[in-house]
Amino acid sequence: MSGSTQWPLWEVFVRSRRGLSHTHAGSLHAPDAEMALRNARDLYTRRSEGVSIWVVPSASITASSPDEKDSFFEPAGDKPYRHPTFYEIPEGVRHL
Amino acid sequence: MTAVTTGTAVEATVETTAEAYEAAFDAAVAADERIEPRDWMPEAYRASLVRQMAQHAHSEIIGMQPEANWITRAPSLRRKAILMAKVQDEAGHGLYLYSAAETLGTSRTELLDKLHAGRQKYSSIFNYPTLTWADVGAIGWLVDGAAITNQVPLCRCSYGPYARAMVRICKEESFHQRQGYESLLALSRGTPAQHEMAQDAVNRWWWPSLMMFGPPDDESAHSAQSMTWKIKRHSNDELRQRFVDICVPQAETLGLTLPDPDLKWNEERGQHDFGAIDWDEFREVLKGNGPCNEQRISQRRRAHEEGAWVREAATAYAAKHSGKGASGDSGTGGARSARLVEKEATA
């Protein structure tokens with residue numbers, strides 16, 4: 001059947017309202033950036049879910065590998081002193 | 001000698017790794033964590049998801065046909081605008097699901113080709129015709145109602161992208177069901193002829209809606225494995241029972257009768273008993289012998305073929321303009337939008 005050339009895949013990020021960051025909404029196919037934006041509007045903001053949209057070619061995203069997720073994120077694992085709850089503060093001390 | 005030893009060692013490592021992957025997968029599912037696209041997963045899990053998600057996506061876009069049948073004949077501008085929004089939602093739902101399926105390594109093109117070749121299925125409910133305007137209401141109330149009962153548990157499905165697509169879909173389905181109910185209510189409380197039309201539609205859609213939950217548990221081919229993998233959370237019969245119990249009081253408010261003489265409250269079970277489902281009819285429709293199987297799939301193929309020139313033209317346009325955006329002199333909306341995105345991203 002015709003149309004076997006598939007349009008590139010785009011990842012869609014939507015800012016739901018001002019003050020919030022863009023969040024991944026999903027993906028779609030479109031021939032170019034302009035159409036990707038229009039399609040993203042029709043697909044992901046039919047009920048006013050967004051005030052701003054980013055579209056990014058999926059091929060441009062570099063992701064960490066799930067296979068090495070343990071070793072990749074390990075450096076943070078043994079540093080509990082980065083959290084405020086690590087520290088013992090005498091009772092009664094306020095605003096700290 | 002050395003070579004042989006090394007070979008065995010490598011094989012052993014590969015095997016251990018595969019086992020470790022499988023154990024990690026099982027543990028994640030057991031702990032109710034989500035499996036994400038790039039995680040290792042058993043091939044059968046992947047295949048099962050592709051089958052189910054493709055069938056689900058196909059159902060959404062084939063489902064546009066019976067309802068679109070009434071857009072030009074909607075009784076008021078209000079109903080027409082609502083129906084158009086609903087049919088557009090169904091297209092959207094199809095796209096969410098095709099996108100989610102693509103994260104498993106298949107492509108939308110491949111899935112559509114399989115649908116058109118009759119190698120993948122869609123829900124058999126859409127092989128019934130919409131004979132009157134009341135069918136639009138009955139579909140919203142019963143067919144979308146059954147779909148919601150099925151789909152709400154899918155929001156907690158073990159595969160992340162599918163679960164996320166379902167969250168979105170379920171939110172939108174609620175509008176579909178309520179508009180259908182409201183429309184049926186208007187007919188039921190209208191003239192005697194309108195009331196009769198509503199009753200007739202419910203008579204025709206009730207049993208096929210119950211069939212939407214799939215065959216009884218002891219005959220369902222994929223159920224047990226899907227439950228183990230937490231793709232499915234409840235059995236077909238369990239969901240069907242839930243749906244019947246929900247519908248009975250809703251039908252009372254509508255002032256319409258559900259076409260089942262055996263339907264009655266069972267005090268002991270705390271649920272409704274209902275009559276036997278005609279599974280022969282279900283199997284016939286599934287086999288392709290429903291009233292509209294041929295019409296639905298040929299319409300789908302025609303729409304795809306007749307839209308080919310649009311897809312090709314957009315591809316050609318994109319190819320012609322690619323690269324120009326960077327120089328900033330083309331003045332196309334595409335270049336402008338792209339610059340805006342860039343500006344915002346760095347802001």
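**Exercises: a cavity and a sheet in a predicted model**

By class, six nonpolar, one polar and one charged residues make up the lining of the largest cavity. The model is predicted.

**Exercise 1.** Find which residues line the largest cavity, and sort them by class.

*Solution.* 
Step 1. Count the cavities. The structure holds one of 30 Å³ or more. The volume of the largest is about 30 Å³.
Step 2. List the lining. B:S124, B:I125, B:Y128, B:P208, B:M211, B:E281, B:F282 and B:V285 line the largest cavity.
Step 3. Sort them. Glu counts as charged, while Ile, Tyr, Pro, Met, Phe and Val count as nonpolar. The classes come to six nonpolar, one polar and one charged.

**Exercise 2.** Determine which helix gives the largest share of this lining.

*Solution.* 
Step 1. Pick the helices that supply at least two lining residues each. Among them are α8 (192-211) and α11 (279-289) of chain B.
Step 2. Take the largest share. α11(B) gives three residues.

**Exercise 3.** Work out the order of the strands in the sheet of chain A, and say which strands lie at its edges.

*Solution.* 
Step 1. Start with β1 (residues 9-15) of chain A. Six bridges join this strand to β2(A), and the two run antiparallel. One facing pair is A:E11 opposite A:S27 in β2(A).
Step 2. Write the order. The three strands form an open sheet, β2-β1-β3 (chain A), with antiparallel pairing.
Step 3. Find the edges. β2 (23-29) and β3 (52-57) of chain A each pair on one side only.
Step 4. Place the helix. α1 (residues 33-44) of chain A packs on the sheet and touches β1, β2 and β3 of chain A. The direction of α1 makes about 115 degrees with that of β2(A).

How values were computed:
Residues are numbered from 1 along each chain as its sequence is written. Chains are lettered from A and ligands numbered from 1 in the order in which they are written. This is a predicted model: local features need pLDDT of at least 70, side-chain atom pairs count only at pLDDT 80 or more; totals for chains, interfaces and linings use all residues. Side-chain values use heavy atoms; hydrogens and water are left out. Two strands pair if DSSP finds at least two bridges between them. Helices (H or I, at least four residues) and strands (E, at least two) are DSSP runs, numbered from the N terminus. Contact means heavy atoms within 4.5 Å. Axes are lines fitted to C-alpha atoms, for helices over the stretch in contact, and angles run from 0 to 180 degrees between N-to-C directions. On a 1 Å grid over the protein atoms alone, a cavity is a set of points where a 1.4 Å probe fits but cannot get out, and a pocket is an open set with protein on both sides within 12 Å along at least five of seven lines; lining residues have an atom within 4 Å of a point. Grid points are joined across faces, edges and corners, and a volume is the space filled by probe spheres set on the points.
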